[in-house]
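Please look over the sequence and the predicted model shown below, and then read the report that follows.

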Amino acid sequence: MFGELLKRLTQPEPDTLPDEDARLALTALLVRVARADNHYSDGEKQRIDAINARRYGLGPGATDALRREAESLEAEAPDTVRFTRAIKDAVPYEERLAVLEALWDVVLADGERAQEEDALVRMVSSFLGISDRDSALARQAVDARR
């Protein structure tokens, strides 16, 4: 089902993704981070839906459908290293930075910074080509909104 998108993402020099594919890939990354601690809670799902509603102007049905599709893509996606590097090559920096904020938002959704989630976001940040400084600023921005 997602074979074509994954193929485009993992080709040696991926093209910039169309908006719909970028939404799906980036939401799958949110799902991957939420699942990192082996506890994918309703609160994390709701946070992902809220992020997508805010970022993309989607209503409840559309955010739920996007998240469910992203859950399936995440399950089929290659290892985090390849998947994240592919996103880096296909998505502009500003969008990747916004996604990093969203990742921190998901990590902090349950009020805890699980070690597994925290480590995955730090790794993903690096693979997305985002500096440690920008990652820290993204986390601080999310903390400030809480």
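## Helix α5

In helix α5, which spans residues 80–90, the buried residues are T80, F83, T84, A86, I87 and A90, where buried means under 20% relative accessible area with a 1.4 Å probe and protein chains only. These residues lie on the same side of α5 because they cover an arc of only 155° around the axis, the arc being that of the directions from the helix axis to the C-beta atoms. An α-helix has 3.6 residues a turn, so residues three or four places apart point the same way.

## Basis of the model

This is a predicted model in which local features need pLDDT of at least 70 and side-chain atom pairs count only at pLDDT 80 or more, while totals for chains, interfaces and linings use all residues. Residues are numbered from 1 along each chain as its sequence is written, and side-chain values use heavy atoms, with hydrogens and water left out.

The chain has eight helices and zero strands, helices being DSSP runs of H or I with at least four residues and strands runs of E with at least two, numbered from the N terminus. Of its 146 residues, 48% count as buried. Among contacts with a separation of 6 or more, 77% join residues 24 or more positions apart, a contact being heavy atoms within 4.5 Å.

## A buried glutamate

E74 is found in helix α4 and is buried, with a relative accessible area of 10%. Leaving aside neighbours within four places in sequence, E74 is in contact with A28, V31, R32 and R35.

## The largest pocket

The largest pocket is lined by E20, D21, R23, L24, L58, A62, L66 and E69; a pocket here is an open set of points on a 1 Å grid over the protein atoms alone where a 1.4 Å probe fits, with protein on both sides within 12 Å along at least five of seven lines, and lining residues have an atom within 4 Å of a point. Helices α2 (19–35) and α4 (60–76) each supply at least two residues of the lining, and the largest share, four residues, comes from α2.

Note on methods. Buried means under 20% relative accessible area, exposed over 50%, partly exposed in between (1.4 Å probe, protein chains only).
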